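Please read the following report alongside the sequence and the model.

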Amino acid sequence: MTPRLSLRNITKRYGPVVANDHVSLDVMPGEIVALLGENGAGKSTLMKVAYGVAQPDHGTVTIDGAPIAVVNPKRARSLGMAMVFQQFALFESATVLENIALGLPPEPISALESRLRTLAPRYGLQIDPLQRVHDCSVGERQRIELLRALLGSPRLLILDEPTSVLTPQAVDRLFDALRQLAGDGVSIVFISHKLHEIRKLATRCVVMRAGAVVAEVDPRVGSESALARLMLGTDPPILANHDAPRGGVVLRVRQLRVTALEEHHPLRSVSFDVRSGEIVGIAGISGNGQGTLMAALAGELVVEPEAIRLFDQPVGHLNTAMRRALGLRYVPEQRLGHGAVAGMSLEDNARLTDTSLQKAFLLDATQARDDAVRVIKQFGVQCSSTTQKAETLSGGNLQKYIVGREVMHAPRVLLVAQPTWGVDAGSAMSIRNELIVLRDAGCAIVVVSEELDELYQLCDRLLVMANGRVSPPRATNEIDSAELGRWMAGLWLATHDDAAAMEPAA
């Protein structure tokens, strides 16, 4: 058979960095191929070359046996290709439907809306077509990108971390649909750091390291640890979690209410406590108020003073800088534009949440550079220098940098949304271990994550958000994934009510 996609000797450099080093890859019709590698291994760059977003310095791209002299996204789409990027490309002020329409051939908007409303439930990717993107959570934005690609009826589908913030139920539905597409002859390239998903979906796994292909294996044979060793070149780090003594309550939330705002889902009488020396995880289907809750806790959204108490001080009316001065730090779910400024260097981004450097922004370049170097070394961020712009890092490396920037300041309270989104298995374990070390030092940590396995690994207690409400807290070892899934649908036990959720942790 003629390969649907054939890449030959692809080389791509960014200055002194060789992102792809004479890489060759074939993808056959109806084949599901996984690309596996550490952050910065060159996976996304290779697929951007295939799709025409990046032009190779050397090598050829062939589609269905025909060499393509110049590939650009428009040409790629005309050849039946579609790509879902790890960093979303959406217009904030436009609706979901308008964003999808912009990436497809022209058709009546009513016809497109009808197709969207039919297709979305089939793939488990339900979303309101008339909702504006700036109101959407990260999980909802990922659904938009996936639906736009699927509605184009591609013959070659490239997915870069497509399940990073999807629920397990949505992942299962999506995988069923991808298998059906492959059965119909669609070729699929699947980039993921989730080893269990690669083993579940792909029929072939191509492993990249330092810009080159180092192995090709059948992921269905062997173990996840074997795949991890191929990816890292060594054994992955081990999670060093253990029971730790808790201190007193340092973050207290009582009857926190937020009405529906332009950019925020409503909150309905949310109450819970977090103690020093514990990690509290918040599970839930994306778009149920998690983003609003984190914004309110961080000070990006002002609420009633007594709704949030930090170290027994009412802070609901304080802004982010004031709460930061009290020892609270925040890692938001959106990296670029929220966690980091795209066009600024890493060392300048280090200043953004450092109150001491903000007082003399132009005079503390040395300290900012030293802070950036510390984060890069401790968290293994792959970059050329501290002057490299944030937007040029891979998604996983930028995530490591943002998490590291906040952790390095030894916060007393840390809010983290999607801590390992798009991060490779080894780096994800390192980040989780850093959070555990921080907890053991007495920090109170709130983690919002779409990855249930991550919540079970990290957290001492779990809460669930559904429709702007929060469930009673449960010790992680007292609630299984099946019950957690029911709670994510809002079906926690009738004997539990908001009053029960208000009780302090034992």
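In which helix does R432 lie? R432 lies in helix α15, which covers residues 425-440; helices (H or I, at least four residues) and strands (E, at least two) are DSSP runs, numbered from the N terminus. The model is a predicted one, in which local features need pLDDT of at least 70 and side-chain atom pairs count only at pLDDT 80 or more, while totals for chains, interfaces and linings use all residues. Residues are numbered from 1 along each chain as its sequence is written, and side-chain values use heavy atoms, with hydrogens and water left out.

R432 counts as buried because its relative accessibility is 8%, where buried means under 20% relative accessible area, exposed means over 50%, and partly exposed lies in between (1.4 Å probe, protein chains only). Not counting residues up to four places away in sequence, R432 touches L239, T420, E451, E454, Q457 and L458, contact being defined as heavy atoms within 4.5 Å.

Two packed helices are described by the angle between their axes and the distance between the axes. Helix α14 (residues 395-407) packs with α15 at an angle of about 15°, and their axes are 11 Å apart; axes are lines fitted to C-alpha atoms, for helices over the stretch in contact, and angles run from 0 to 180 degrees between N-to-C directions. That angle makes α14 roughly parallel to α15, since angles under 35 degrees count as roughly parallel, over 145 as roughly antiparallel, 65 to 115 as roughly perpendicular and the rest as oblique. On the α14 side the contact is made by K400, V403 and V407, and on the α15 side by S427, I431, E434, L435 and L438. These contact residues of α14 and α15 divide into five nonpolar, one polar and two charged, with Ala, Val, Leu, Ile, Met, Phe, Trp, Tyr, Cys and Pro counted as nonpolar, Asp, Glu, Lys and Arg as charged, and the others, Gly among them, as polar.

Leaving aside its neighbours within four places in sequence, V375 is in contact with G380, V381, K400, Y401, G404, R405 and M408. The C-alpha atoms of V375 and V407 are separated by 8.9 Å, although the two residues are 32 residues apart along the chain.

**Helices α4 and α5**

The axes of helix α4 (residues 109-122) and helix α5 (residues 138-151) come within 11 Å and cross at roughly 110°, which makes α4 roughly perpendicular to α5. Here α4 passes α5 in a right-handed crossing. The contact is made by L112, R115, L116, L119 and A120 of α4 together with L147, L150 and L151 of α5, and these residues divide into seven nonpolar, no polar and one charged.

Helix α5 is mostly covered, since 14 of its 14 residues are buried. At 1.5 Å a residue, the 14 residues of α5 should span 20 Å, and its end C-alpha atoms are 20 Å apart, which agrees; the expected span is 1.5 Å times one less than the number of residues. After α5 comes S153, whose phi is positive, near 50°.

**Strand and loop residues**

H22 is found in strand β2 (residues 17-27) and, leaving aside its neighbours within four places in sequence, is in contact with N9, I10, T11 and H58. One of these, N9, lies in strand β1 (residues 5-14) and has a positive phi of about 55° although it is not a glycine. A210, in the loop between β9 (204-209) and β10 (212-217), also has a positive phi, near 55°, in a residue other than glycine. S345 is found in the loop between β16 (328-331) and α11 (346-350), and its contacts beyond four places in sequence are T386, T387, Q388 and K389.

| Residue | Relative accessible area | Class |
|---|---|---|
| V375 | 4% | buried |
| S345 | 11% | buried |
| N9 | 37% | partly exposed |
| H22 | 45% | partly exposed |
| A210 | 67% | exposed |

Note on methods. A crossing is left-handed if the near helix is turned anticlockwise from the far one by less than a right angle, and right-handed if clockwise.
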